[in-house]
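The points can be read in order beside the sequence and the view.

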Amino acid sequence: MRDFEGKTAVITGSASGMGLAFAECMGREGMNIVMADIEEKALKVAAAQVEALGATVLPVVTDVGDEAAMDHLGEATRAAFGSPHVICLNAGVAPASVPMEELTTADWKWTFDVNLWGVVHGIRVFLPELKAQNEGSLVITASVAGLTSFPWLAPYNATKHAVVSIAETLHTELANVGSAVNVHCLCPGMVMTNIGDAARNRPKELRNEDEEAAEFAPSPSAGSDTDLSQFAENFEKIAKKPDEVAELVLAGIVEERFWIETDTYYRDTIQTRHRAIESFESPPAAQSVMDPYLHKLGGA
Ligand SMILES: NC(=O)c1ccc[n+]([C@@H]2O[C@H](COP(=O)([O-])OP(=O)(O)OC[C@H]3O[C@@H](n4cnc5c(N)ncnc54)[C@H](O)[C@@H]3O)[C@@H](O)[C@H]2O)c1
């Protein structure tokens, strides 16, 4: 898709971080923007920010894990703008990173409700009209955590692996019937957003008593001050900004690319995992998701 003017984008998780950057970027392209998010106040502020760029915006308070709320998002979109052309299924959360035995059922359920069911509902609600008009793009925000299995992130990894598989499956199904609808699987590394404070939107009934006490833990192996200060320095230098990711997404849509990668720091880890699978070897000693940031910089 090359011509965005006057078309409509629906973006979940767009009150903050990457979703907000997608809304700004697509708004600048002349698209109508449907902004869906669970955080009502932040959504209001974000919608005003995108409107100030000259875009027509429809904010819809939505819990992506709620089937009826996602049905409503589809109806509100059609009523305001007709069929949309770009769907960004982007809302996501991450529970505190802890060893697996410390996870609660609520940790798993919350992460699956948002990261997996949000994508499933989004596809169910919007795919039929994209297919019927035979034009459009579905952007699924996965993660490098969907391409390998970092320790201490089990629910997050599991949901991101699941959405990578859903994106691949849908891509193949559409290609098999000659559909012109494109699927894009966005696999960011670290991006400077508010995901570290994802618990701000955690439903009361799925709260984890220990969550406030659970500190962000960069790595099971990263104990020394040297590692941590190196991490802070590297993070500041190389973690992507949301608007950089938004430009990559826009380019991915124009170029009809399935994979959208934000940096190459995780390629070795991903390739090592895939080679082990190919030769049926045990998983290699996996580093943490923070590993590329703990060492002197290389890569791109
Ligand atoms: N930041 C990173 O380093 C990084 C890396 C890889 C992938 N991701 C993925 O990027 C996506 C966007 O996250 P971000 O980093 O911009 O974080 P963010 O916290 O800044 O934005 C996420 C948005 O999702 C919203 N949200 C949370 N629960 C929701 C729900 N139930 N229904 C609707 N909206 C909900 C939040 O209110 C927030 O506005 C997520 O899927 C995340 O997993 C982030």
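Leaving aside neighbours within four places in sequence, which residues is D113 in contact with?

1. The model is a predicted one. D113 lies in helix α4. Once neighbours within four places in sequence are left aside, D113 is in contact with G65, G118 and L206. D113 and G92 are 21 residues apart in sequence, and their C-alpha atoms are 9.4 Å apart in space.

2. The sheet comes next. It is open and has seven strands, in the order β3-β2-β1-β4-β5-β6-β7, with parallel pairing. The edges are taken by β3 (57-61) and β7 (259-261); each has a single partner strand, so one side of each is left without a neighbour in the sheet. From one strand to the next, the twist averages 15 degrees.

3. The bridge partner of C187 is E261 in β7. Helix α5 (residues 154-176) lies across β5 (137-141), β6 and β7. The helix runs at about 160 degrees to β6.

4. Strand β5 deserves a separate look. Five of the five residues of β5 are buried, so the strand is largely enclosed by the rest of the structure. S137, V139 and T141 point one way from β5, while L138 and I140 point the other way. In a regular strand, side chains alternate between the two faces of the sheet. The residues pointing either way from β5 are all buried.

5. β5 pairs with β4 in the parallel sense over four bridges. V86 stands opposite S137 of β5 in this part of the sheet.

6. Is S137 buried or exposed? S137, which has its place in strand β5, has a relative accessible area of 0% and is buried. The cut-off for buried is under 20%.

7. Two helix pairs can be compared with the view. The axes of helix α1 (residues 17-28) and helix α7 (residues 242-254) come within 8 Å and cross at roughly 55 degrees. That angle makes α1 oblique to α7. The crossing of these two helices, α1 and α7, is right-handed. On the α1 side the contact is made by G17, M18, A21, F22, C25 and M26. On the α7 side it is made by P242, D243, V245, A246, E247, V249, L250 and I253. The residues of this contact divide into eleven nonpolar, one polar and two charged.

8. The second pair is α3 and helix α4 (residues 105-133), which pack at an angle of about 35 degrees with their axes 9 Å apart. α3 passes α4 in a right-handed crossing. From α3, the residues E67, M70, D71, L73, G74, T77 and R78 take part. In α4 they meet G118, H121, G122, R124, V125, F126 and E129. Here the residues of the contact divide into four nonpolar, five polar and five charged.

9. Where is G82 found? G82 is in the loop between α3 (67-81) and β4 (86-89). With a relative accessible area of 26%, G82 is partly exposed. G82 and T8 are 74 residues apart in sequence but 8.3 Å apart in space, C-alpha to C-alpha.

10. Two loop residues have backbone angles to check. N134 has a positive phi of about 50 degrees although it is not a glycine. N134 is found in the loop between α4 and β5, and its relative accessible area of 39% makes N134 partly exposed.

11. F280 also has a positive phi of about 50 degrees, and F280 is not a glycine. The place of F280 is in the loop between α8 (267-278) and α9 (291-294). F280 counts as exposed, at 77% relative accessibility.

Conventions:
Residues are numbered from 1 along each chain as its sequence is written. This is a predicted model: local features need pLDDT of at least 70, side-chain atom pairs count only at pLDDT 80 or more; totals for chains, interfaces and linings use all residues. Side-chain values use heavy atoms; hydrogens and water are left out. Two strands pair if DSSP finds at least two bridges between them. Axes are lines fitted to C-alpha atoms, for helices over the stretch in contact, and angles run from 0 to 180 degrees between N-to-C directions. Contact means heavy atoms within 4.5 Å. Angles under 35 degrees count as roughly parallel, over 145 as roughly antiparallel, 65 to 115 as roughly perpendicular and the rest as oblique. A crossing is left-handed if the near helix is turned anticlockwise from the far one by less than a right angle, and right-handed if clockwise. Ala, Val, Leu, Ile, Met, Phe, Trp, Tyr, Cys and Pro count as nonpolar, Asp, Glu, Lys and Arg as charged, and the others, Gly among them, as polar. Buried means under 20% relative accessible area, exposed over 50%, partly exposed in between (1.4 Å probe, protein chains only).
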